[in-house]
Amino acid sequence: MIRKACFCLCFIMQNASSPDAYVQAKVAAVGAQLMKRGWLEFPDAEKDAFLSEVKQAVLGNHGVDAQFMGVNFLESLVSEFSPSTSSAMGLPREFHEQCRITLERDYLKKFYCWAQDATLSVTNKVVECDSTAIEVKVCAAALRLMFQIMNWEFQCNKSALDLAKKGLNMFSSGVRNDTVMLKKSECVLVQPGPAWHDVLISSGHIGWLLGLYGTLRQKFSYDSHWLDSPIAVSARQLIVQLCSLTGTVFPSDNGQTQQHHLVQMLSGIIQWIDPPDAISSAIECGKSESELLDGCRALLSIATLTTPMIFHQLLKSISTFGTLSLLSALMCEAVKACLANNNEEETWSWYARDILLDTWTAILEPKDSGKSVVLPPDGKSAAANVFELIVQSELNVAAASAFDDGDDYDNIQTSISVMDERLSSYALIARAAIDVTIPLLDRLFSERFSSLHQGRGKSDPTRTLEELYSLLLIIGHVLADEGEGETPLVPEALQCNFVDIVEAEKHPVVILYGSIIKFAEQSLDQEMRAAFFSPRLMEAIIWFLARWSATYLMPLESGKQFSSNKHDLQHEPQLTRIALLSFCGDQNQGKLVLDIIVRISIITLVSYPGENDLQALTCCQLLPVLVRRNICVHLVTLESWHNLASAFANDRNLFSLNAIHQRSLAEALIRSAIGMSNPEASNQYVRDLMGQMTAYLVDISSKNDLKVVAQQPDAILSVTFLLERLRGAARASEPRTQKAIFQMGVAIMNPVLTLLETYKHESAVVYLLLKFVVDWVDGQIVFLEAKDTAVVISFCMRLLQLYSSHNIGKISLSLSSSLLSEASTDKYKDLRALLQLLTNLCSKDLVDFSRDSDEVESTDIAQVVYLGLHIVTPLISLDMLKYPKLCHDYFALLSHMLEVYPEKVPQLNSEAFAHIIGTLDFGIHHQDTEVVDMCLRALKALASYHYKERGTGKEGLGSYASGLMDPNGKLQEGILSRFLRSLLQLLLFEDYSTELVSSAADALLPLILCEQGLYQRLAHELIEKQMDPSLKSRLAIALRCLTSSNQLSSSLDRLNYQKFRKNLLNFLIEVRGFLRTM
């Protein structure tokens, strides 16, 4: 093998001056692959002799052309040994890992030094000659090789040899894990370890590299294209990469050496980015932007490694201003250039702005949850300057786009999703100088609010309205964070500033959001609404109110803090925090503001017909925030809320809402009932709200001419809307309202079945009927007494049988491909709803709040659900399981049933059993880790049930375990034997997450105990397949240890499972590396 590699090396050296670079590169790549194939077998002497020849070429001893090829060969070699760029060779994973480790440990630093020596050997010539000389190519290639090595995922400083044996690499594809993602940019942390200290830190290497680039930059300053030349690009890439140097390569001296390193890097980079205004002007005049962008990336790398204080002080040690001041100046220039370029994407200013925003984010994003970052005074000033310019630029863009016909962002959700990263970064910058930015935002908003009134009837308000729209988005992000499923707290920066203000109405944050609420209240006036409040502006208002309300409207903390004794409070920040939280608390202005918001909500639903985006914000974002438990107590006392409920129950105008919005509105209205004074009042409120709707469904389903009437478009629409409203009510079920919602469902049981029969060809109505039942059962089943449970289960079985008997969802192969796809999607949605229904029924056995005594005969839920599965599963094909959500729901139910009720499995008929086993086999090899885990848990349940039953002399799974005769009279393998084979194949040869090893061990142990003879045969076959005697011996020892180490016994108790998990993990680490090939 090494002779072939030598041939490749000789070929590229002998043809070093050949113009055919493609052939040279391919031969070098082949040589690198040959070297890797024999890497672990070559004697060290042969390997060193080969690499010595490469070194001689790299150092220039065979001429400049050969030097260039030698560097290129090393680049190919490093690329081949890197996990992310290596070639597929069909060799064990362990082989690749050992090659990588030994190259990193024994040669990588040598290669870096050779590349540096190659650069040094041609430096004088490069400095003296023009940019086309061959020495320039050598220098560029050597710098590129050094950058490639610095981009290596170093492991030796993390006990790489142990990682090879004990790490996670044996299970995954080997994606690098040292990359820090920051919005659109990324930084790769360079952590080569202490062995590299002499080469990178103490040798003066950094100073030499910066000096080389500075000299070349000065020499070729006349050439506007030199900055994009290979040598310039390679040098800058290496410099930027060295800005990310961290870890044990630096000594333990409290970070002093690393700070000195970063100062040195900054001293070389600053000429790329300072002064920002001059560089920006030069770029606009034709200079390349690449150097500026690399300088911005370098700042981002440094920001990820330092605290804000250290980051700012780095530049102060060599300059009159701090790093944050430079960052501010750069950001301002980028924003100005973006504005001058009309905010076009893909321009240099667009890229620079995003990189610099990521840098601000790296600096300002709290490292400790909830703790805001504190900047030095001039750092705060820098942040304030940047934010002011950012806001002004956004306002200018908004004003300029006011009369655009083709606005890409016609609704608030699109605007937010497109701008969210930027707006979040803007908010961090604003909070860093909150004492300046909050008054600034208040002034800007108030000015535009005033200009609307002053110019009313005199000037076109469109520009001002667009500016207000933009301001609302920015202010919303500054004042509040997104909840993401939880109630967001007031940002700490807003709580801890303004410590001298203890009166709520004088707090700048309160003044700011008070101005916005007053502005929003103007929309209640019909004339003002017609003049100024377009649907687009109302979207921004509703979005702001929803985001603001989640944080500031009657926060739970306000009551606790307000009731405390102020004389006991030691710190002024606590007083200002109380002032901020209490202003819209339930004991202050909260109820008044709540009423304003509810009245504005009614306006959006009634006065803006057809505005789906606005109504979606109201129904799906704002109203759900208002029905938090502590707010509902006040909400249900408001006349405005009762007016909304009355309009919902009696006003046909609200039927113009989108069906989904109907559901959300109904859910919000029903949820508010928890604020009523007693359960009876809550239930009566629900009956009053939903009574007419249930009566309408009962009435329409009893019509003699239903089949004719039901097919009319307006009838289908009415039924659809009513079902969505009923779904909303069902989803809002609470213990207080359970009685009324149960009665609502019982009243329409028969109408639901009648409508299912009537609309069997209307897939949308069928789906809504099923989803209503799913949501209703989910909210009711755990509260029902035995008698009511029997009623509900009887109804569900009739529903399932009716769905199945009509073969609803059957897909005809005669349909066109588009119709076939649509029909398949409809069927998937129906089946998922039915599975959810069965899952909800299962919950009765897990959680039961009913008051039945133990003597009362209860329904056998397991039998009911297995019957339901028997009805539903024939409709579920393996193709249908490719839908992720359906797949997850199916296996969640199946896993639960097999784990909790394995004794029911032998009672299944062969057809139902075969379908369950077939889908389990499909699930074990699924790409979704959660699905595989559920299947493994199901296997564990089946195998352990059979083993324990057989241990007591019972049949267990019976013939399903021992095997069944197929229609041809042949004995089929039992399911336990089948899954033992399948699971071993997965564990030894397939890709999977290490998270699954414990679950797999829990399934494998009872399978082995049940099928010990088969396991011994499979182990023997596996050993005999190994041609290499050493590997055969390793495998035999590992298989023996798997079932004997840690004093493993034949029991299935918890301790034995734990022992087997350890055994299996050690076994896989030992053998997967050489059993699997790459």
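1. Over the face of which residue does Lys940 lie? Lys940 lies over the face of Tyr1057, 4.5 Å from the ring centre. Likewise, the charged end of Lys829 sits over the ring of Tyr767, at 4.7 Å from its centre. The criterion is NZ of Lys or CZ of Arg within 6 Å of the ring centre and within 35 degrees of the ring normal.

2. This is a predicted model, with pLDDT of at least 70 needed for local features and 80 or more for side-chain atom pairs, while totals for chains, interfaces and linings use all residues. Residues are numbered from 1 along each chain as its sequence is written, and side-chain values use heavy atoms, leaving out hydrogens and water.

3. The protein has 50 helices and two strands (DSSP runs, H or I of at least four residues and E of at least two, numbered from the N terminus). Of its 1078 residues, 55% are buried (under 20% relative accessible area, 1.4 Å probe, protein chains only).

4. The structure holds 24 aromatic pairs (ring centres of Phe, Tyr or the six-membered ring of Trp within 6.5 Å; planes under 30 degrees apart are stacked, over 60 edge-to-face, the rest tilted). Phe449 and Phe519 form an edge-to-face pair, 5.2 Å centre to centre with 75° between the planes. This pair links helix H20 (residues 434–454) to helix H23 (residues 508–521), 70 residues apart.

5. Glu466 is located in helix H21 (residues 462–479) and counts as buried because its relative accessibility is 12%. Leaving aside neighbours within four places in sequence, Glu466 contacts Ala398, Ala402 and Arg536 (heavy atoms within 4.5 Å).

How values were computed. Buried < 20%, exposed > 50% of the residue type's maximum accessible area, 1.4 Å probe, protein only.
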